[in-house]
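Me: I would like to learn how to read the features of a protein model, one at a time. Could you take me through this one slowly?

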Amino acid sequence: MKTKVLSLSFSLLVSMNCMWAADEDVTPAHLNFAAQPEGPYEFVHYSSNGSNPATPFPEADLKATGTVVLTGGQVKNDNASVAGFNKGCHIVASEYGNMLLIKGNGSTEEPDLEAADALGGYVNVNMFTTSDFPVNTPVRFQFVSKVVGGVTSDYKVAIYNYGGSNSNIPLPEKTTYSPIDTKWWPVIYDLDISTVVGSDQIPLRIKYSIPQAHANGRAIYIASIKFTANPSTECPELDPNSEGWDTPDGSPVSSAVEGVESAQGFVAWDRQNIYLNEMEQGSTVYIYSITGSLVKTIQVNDSFMEVPMNQGVYVVKYGDKTSKVVL
């Protein structure tokens with residue numbers, strides 16, 4: 001039975017901040033993956049052995065613009081591990097819109113990372129908000145993700161006040177993906193903003209934890225990170241028996257043929273590759289040119305497959321589904 005239940009708690013503060021309208025999207029631009037162009041994405045700028053950037057990164061810039069810091073069991077330098085992780089980060093398009101793809105060691109772009117830089121240990125990705133993030137205003141947080149590849153440990157997310165303090169935690173650690181998950185998993189909570197007292201507590205730090213060896217040979221999709229000020233509805237509660245969402249936005253999947261179960265899996269793409277995700281093993285995927293000529297025939301033999309392609313417009317057909325792809 002699914003044990004992860006989304007909270008209904010809704011923190012109403014006495015002092016409301018009139019700067020923020022009801023249901024206003026206050027997501028920092030650098031975390032709004034849907035608005036980013038397809039292609040390589042420099043997700044991690046600096047690494048350190050702590051949650052804050054390695055010096056000499058100017059703290060003032062961090063608080064003004066937000067950034068990301070990579071830490072973890074195998075991140076012990078400022079260059080190689082960060083470069084390896086960055087190389088696997090891409091904004092990809094899909095039928096659901098743009099999202100972030102993190103490809104671990106073993107992808108076609110990083111097949112030969114040395115052991116010390118292969119990110120085989122645990123990895124914490126610390127994503128900061130900006131210095132104008134709302135305070136004294138209720139804020140709802142949403143994080144939707146999916147991991148392609150075998151999962152044996154929990155992925156987790158938490159939100160801390162700035163500076164690494166563990167005493168005030170707007171969002172205690174929650175599981176974003178577990179070994180029993182197979183679909184898109186949403187984490188939706190109302191933050192305890194009452195713990196944020198003073199400008200020195202902003203920006204907030206989102207800590208996304210990838211368990212040991214789980215950046216290796218897997219594909220991690222972060223469909224959305226979203227902050228909403230002054231939410232006008234109660235925080236949704238997911239059925240404890242739910243398997244998650246069929247799609248990143250929670251909408252149902254419809255089959256192209258009535259009464260026929262839709263083919264599993266989905267397609268994503270960027271400027272260089274078409275990505276085939278979780279399609280039935282042994283099935284066949286056909287890639288056509290926009291004029292209808294068959295360009296490639298792919299036999300599915302893995303849960304995550306990269307198909308290098310020239311730039312152009314293609315139609316990908318698998319089962320009863322078709323996806324138009326623009327590289």
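Predicted model: local features only at pLDDT ≥ 70, side-chain atom pairs only at ≥ 80, totals over all residues.

Me: How does the lining of the second largest pocket divide into nonpolar, polar and charged residues?

Reply: There are nine nonpolar residues in that lining, together with six polar and three charged ones.

Me: How should I think about pockets in general, and what volume does the largest pocket have?

Reply: Rolling a probe the size of a water molecule over the atoms shows where empty space is left. In this model the largest pocket has a volume of about 410 Å³, and 24 residues line it, of which Lys-146, Thr-182, Lys-183, Gly-265 and Glu-278 are the closest to its centre. Its lining is made up of 10 nonpolar, eight polar and six charged residues.

Me: Where does the charged end of Lys-146 sit?

Reply: The charged end of Lys-146 is placed over the ring of Trp-184, at 6.0 Å from the centre of that ring.

Me: Which residues touch the most other members in the largest nonpolar core?

Reply: In soluble globular proteins, nonpolar side chains tend to be buried together. Here the largest nonpolar core has 61 residues, and Phe-43, Phe-141, Tyr-221, Ile-225 and Phe-227 touch the most other members. E13 gives the most to this core, with eight residues. There is also a second, separate core of 19 residues, which includes Trp-269, Val-316, Val-325 and Leu-327.

Me: How many aromatic pairs does the structure hold, and what can I learn from one of them?

Reply: The structure holds 12 aromatic pairs. In one of them, Tyr-96 and Phe-266 form a tilted pair, with 6.5 Å from centre to centre and 55° between the planes. This pair links distant parts of the chain, as Tyr-96 is in the loop between strand E5 (89-94) and strand E6 (99-103), whereas Phe-266 is in strand E14 (residues 266-269), 170 residues apart. Tyr-96 is partly exposed, with a relative accessible area of 29%, while Phe-266 is buried, at 4%.
A stacked pair is formed by Tyr-275 and Phe-304, with 5.7 Å between the centres and 10° between the planes. Tyr-275 lies in strand E15 (residues 273-277) and Phe-304 in strand E18 (residues 304-308), so the pair ties together parts that are 29 residues apart in sequence. Tyr-275 is buried, with a relative accessible area of 0%, and Phe-304 also counts as buried, at 14% relative accessibility.

Me: Which residues do ring pairs link into a cluster?

Reply: The cluster is made of Phe-133, Phe-141, Phe-143, Tyr-155, Tyr-208 and Phe-227, linked by ring pairs.

Me: Finally, how far apart are Ala-215 and Val-123 in sequence and in space?

Reply: Ala-215 and Val-123 are 92 residues apart in sequence, and 7.5 Å apart in space from C-alpha to C-alpha. Ala-215 lies in the loop between strand E12 (205-210) and E13, and counts as buried at 5% relative accessibility.
Asn-310 and Arg-271 can be read likewise, being 39 residues apart in sequence and 8.3 Å apart in space, C-alpha to C-alpha. Asn-310 is in the loop between E18 and strand E19 (313-318), and it is exposed, with a relative accessible area of 63%.

Notes:
Residues numbered from 1 in each chain as written. Heavy atoms only, no water. Phe/Tyr/Trp six-rings, centres within 6.5 Å; stacked < 30°, edge-to-face > 60°. Helix = DSSP H or I, 4+ residues; strand = E, 2+ residues; numbered from the N terminus. Buried < 20%, exposed > 50% of the residue type's maximum accessible area, 1.4 Å probe, protein only. Lys NZ or Arg CZ within 6 Å of the ring centre and 35° of its normal. 1 Å grid on protein atoms, 1.4 Å probe; cavity = no way out; pocket = protein on both sides within 12 Å on 5 of 7 lines; lining within 4 Å. Points joined across faces, edges and corners; volume = space filled by probe spheres on them. Nonpolar A, V, L, I, M, F, W, Y, C, P; charged D, E, K, R; others polar. Core = buried A, V, L, I, M, F, W, Y, C linked by side-chain atoms within 4.5 Å.
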